[in-house]
Amino acid sequence: MGTIIYMALLGEGTGCWRPVRAERVADDAFEVVDQIPPDESWKFGPDSRVSCRERIFSGSASGLEAFEYAVESDPHYQLLKKHEQETFRMVFASGEESVVKVLHVDEQYEDFIYDLLSTNFERDHYRAKSDAVYVARFADLVSARLEA
């Protein structure tokens, strides 16, 4: 069924909030399940894991305010962060199966930077330089297994 949390709207000039659907993933962490309407900009995007706290809004109404990322509640984050600079076999939501070297895990942007070692997908583009890397969001990761 989910929970309604309140998302700050960006670029509105004054404090504006949008009620959005989210699923509880931990005590104070939720995963945003709604999509952003084309004419809005949200503080956190769809599939983001966010920490929430009680807030009193104008008119004395109260609700759960999404106030910061909560990526630490994602099990893939914990695994990749612990093993930065190591090789993983990954499956992405797109169906891509890859072997990658995780270079950096970023909590703020809920993503990780990796070097692609092999993939089952034909890539539309190839790296122009040998030092080019790829970025993926934790929300797009189905599974990750550390390679021996």
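Which strands do the buried residues of α1 pack against? Let's find out by clicking through the model.

**Before you start.** This is a predicted model, where local features need pLDDT of at least 70 and side-chain atom pairs count only at pLDDT 80 or more, while totals for chains, interfaces and linings use all residues. Residues are numbered from 1 along each chain as its sequence is written, and side-chain values use heavy atoms, with hydrogens and water left out.

**Stop 1: helix α1.** Select residues 75-82, which form helix α1. (Helices are DSSP runs of H or I with at least four residues, strands are runs of E with at least two, and both are numbered from the N terminus.) Now colour His76, Tyr77 and Leu80, the buried residues of this helix. Buried means under 20% relative accessible area, exposed means over 50%, and partly exposed lies in between (1.4 Å probe, protein chains only). Look down the axis of α1: its buried residues fall within an arc of 100°, so they line one face of the helix. That arc is taken from the directions from the helix axis to the C-beta atoms. An α-helix has 3.6 residues a turn, so residues three or four places apart point the same way. Over on the other side of α1, pick out Pro75 and Lys82, which are exposed.

Time to settle the opening question: show β6 (87-92), β7 (97-106), β8 (111-119) and β10 (141-146), because the buried residues of α1 pack against these strands, with contact meaning heavy atoms within 4.5 Å.

Stop 2: (Two strands pair if DSSP finds at least two bridges between them.) Click cysteine 52, then its bridge partner in β5, alanine 66. In this hairpin, with five residues between the strands, glycine 59 takes a positive phi near 80°.

**Stop 3: the cysteines.** Stay on cysteine 52, which counts as buried at 7% relative accessibility. Jump to cysteine 16, which is partly exposed at 24%. The closest cysteine sulfur to that of cysteine 16 is in cysteine 52, 18 Å away, too far for a bond. The structure holds zero disulfides, a disulfide being a pair of cysteine sulfur atoms within 2.5 Å.

**Stop 4: β1, β2 and β3.** Select 3-8 (β1) and 17-24 (β2), an antiparallel pair with six bridges. Tyrosine 6 has proline 19 in β2 as its bridge partner. Finish with β3 (29-32), joined to β2 by three bridges and running antiparallel to β2. The hairpin between β2 and β3 passes through four residues.
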